[in-house]
Amino acid sequence: MYRELRSHIISLLEANTRLDGRKLTEYRQPITVEYGVIKTAEGSARVKIGETDIMVGVKLEVGEPYPDTPNEGTIIVGAELLALSNPEFEPGPPGIQAIELARVVDRGIRESKALDFKKLCITPGEKIWMVIIDICPINDAGNLFDASSLAALAALKDTKFPAFNGVKVDYKSKTDEKLQLEKTPIAVTVIKIGNKFIVDPDTEEEKVVDARLTVSSIENGTLCAMQKGGDMPLSAEDIDKMLDIGIEKGKELRNHL
Amino acid sequence: MTYKQRIDGRSFDETRPIEAKVGVIPRADGSAMFKIGNTWAYAAVYGPRNLHPKFLQDPQRGILRCSYNMMPFSSSGERVRPGGSRRSKEISLVTQKALLPVLNLEDYPNSVVDVFIELPQTEAGSRCAGICAASMALADAGLDMKDLVSAVSFGKVDDKLVVDLDYSEESYPDGPVADIPIAMLPNSGKISLLQMDGEVTKEELMKLIGMSKKVLMDIYEVQKKALKDKYKGVEM
Amino acid sequence: MSEIKVKDKEISVPGEVLAVGMDVLPGAGTYREGEKIVANRLGLVMMDGRTIKLLPLSGRYMPRTNDTIICKVIDVGFNGWRLDTNSAYSAMLSMKDATSEFIQRGANLTQYYDLGDHIVCQIVNVTSQKLIDVTMKGPGLRKLKGGRIIEVDANKVPRIIGKQGSMVVMIKESTQCNIIVGQNGLIWIDGGPMNELLAIQAIRKISAESHTSGLTDKIKEFLEQNMPSKKTHQD
């Protein structure tokens, strides 16, 4: 369906450039991170990468712990591909694209131990904090994975605990107690088109992706989560190169927090 | 007789501070943001565009489809479960009825104009904010519209008639409260949304409707300016 | 005596009173309500003698007979192709209008135009139900190979083409690109990465400043300052 577009993009990549003149491993500019944009959330952030615009809100709820982890709180990540943000999105319950987005963002935060779940315990075996992260795109101009991950991290950084009297949460009074982030995992999605690798695909580039690898890494370059997508397979050399790009670009993106 | 002064210090016929901007969602055919106090609405318009399934198509005119949704973190209390509710479906319906009178969709048979309203933050008056954003977005999308639509909640708190109730007034404990969202076509003064919750006499209601024209004309001026500002660079 | 409430080239919004009085006539994008002439859309005020009309600043493309448009093939059938016209309505290209060659009945139509191909065609007919027929028979109508396609607001197309094509010819010459502008807002550009990018930047600039004066000179200056050859020289 996109034969001509694909061959055009590949010829541009061979000439070391892209549709908008960027270099292959260049993110769109500007990248902006705004904190605390949503007063009704316990933590929030808005991230823009080029024209892609995502809002993430964090709500804290008190609940019961899972039976196998009685002293640990938890996170729940939700994403809705709002029809508002992209003419291709249809209204309705989250489809597989939204579910994958939510789970990839979740994995980056959870597996890096960015949050110490034990610190989210209120009363062992009875009450724990649930950190609920909701991802809402306002404008989808490509690369929802990276923008959503960055926004989720920023929203967590912004999060303050609401008052809790042991029985009920009082959302109207926030305490000064901030949610503590132990690590900052950053997700970078590396795209393979033909035999070239790019980051931060725009809407047109996303139509001709052969394969993608979303790499989440922490400050010291250790990997904490990965997701391969796309119809084509990757060789070991491909993965090697893509991981390098993912870790390097992760360091750059982290500077925006 | 206890409501002497509004909790946030406004006068009784004053709205909360308003911010409006047009063209905030590049992928949409038309878009706008409308913020009143702490209630914040985005609207995106896509269309006229293809409509599936076929049985929804109207061979005489395009149809207007509206969707109102609160983001999960938008409520001042607990998280809102995503997926809409009966309330949001009803608001989607009355929003559609509020906007339809200004549109002429006869040039677009069998097609649809989709309006998506999303609220990242709400604190009373959300359906009216959504309608204000949606009407700017429809104009931004270049549709034939004989007027914009402006909306705000009117009502009564205790014995005072008020404009633009905020959350504390909606839940005022010490006396009767009435919450009356009204949407109006500013040029003709005709009303396209009228709902009511609470206690009010007919005389009080007619008085509020009388007050509404001036307040809604002020909101229309804000919407007008937001539309013109987007295209400011275009003027000579 | 009539009173005109707005200036030429001012932006007007739906419901705004443009003029009062029976001497002024309501043109496109306006309607009369009693003594008043009112804006029927968001648009740019244009006085045309005694008529006041509004030029659209936005709005999806509405297919019109005789328009030359760029379409994408979205379905290949037995007797023809269905095309995406970048509007709410798809178009039909039937076998008999597809090419100057003779196509055998039962031939495999994908060898002519396949799914995903972009073609330049001309609208032959639009019914009241917006069923659209197009033809590929005519000068300049063909399948597009190579290059890239961008989308602009269809309302800006006249400005991008310019008086008798003067604007688009200027861009073509400066950037050495082949350019075909569809009335439906799709534009095909072919000329190599740097040249295409410059042409696209010039087109986007025209779109953004479409109703300012002196645009032709501004674009000429923009192209001269940003010519790829000039840029590498400065590196």
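In this predicted model, three strands of chain C make up an open, antiparallel sheet, arranged in the order 15-17-16. Strand 15 (148–151) and strand 16 (178–181) of chain C sit at the edges, each pairing on one side only. Ignoring direction, neighbouring strands of the sheet are turned by 20° against each other on average.

Helix 3 (residues 193–208) of chain C then lies across strand 15, strand 16 and strand 17 of chain C. Relative to strand 15 of chain C, helix 3 of chain C runs at about 15°.

Over in chain A, Asn139(A) is worth a look. Asn139(A) belongs to strand 6 (residues 127–139) of chain A. With a relative accessible area of 0%, Asn139(A) counts as buried, because the cut-off for that label is under 20%. The Asn139(A) side chain reaches two backbone atoms: the oxygen of Glu51(A) at 2.8 Å, and, over in chain B, the nitrogen of Arg27(B) at 2.9 Å. Setting aside neighbours within four places in sequence, the contacts of Asn139(A) in chain A are Glu51(A), Thr52(A), Asp53(A) and Ser85(A). From chain B, Ile25(B), Pro26(B) and Arg27(B) are also in contact with Asn139(A).

Methods: Residues are numbered from 1 along each chain as its sequence is written. Chains are lettered from A and ligands numbered from 1 in the order in which they are written. This is a predicted model: local features need pLDDT of at least 70, side-chain atom pairs count only at pLDDT 80 or more; totals for chains, interfaces and linings use all residues. Side-chain values use heavy atoms; hydrogens and water are left out. Helices (H or I, at least four residues) and strands (E, at least two) are DSSP runs, numbered from the N terminus. Buried means under 20% relative accessible area, exposed over 50%, partly exposed in between (1.4 Å probe, protein chains only). A polar contact is a pair of N or O atoms within 3.5 Å; within protein, one must be able to donate a hydrogen and the other to accept it, and residues adjacent in sequence count only if both atoms are side-chain atoms. Contact means heavy atoms within 4.5 Å. Two strands pair if DSSP finds at least two bridges between them. Axes are lines fitted to C-alpha atoms, for helices over the stretch in contact, and angles run from 0 to 180 degrees between N-to-C directions.
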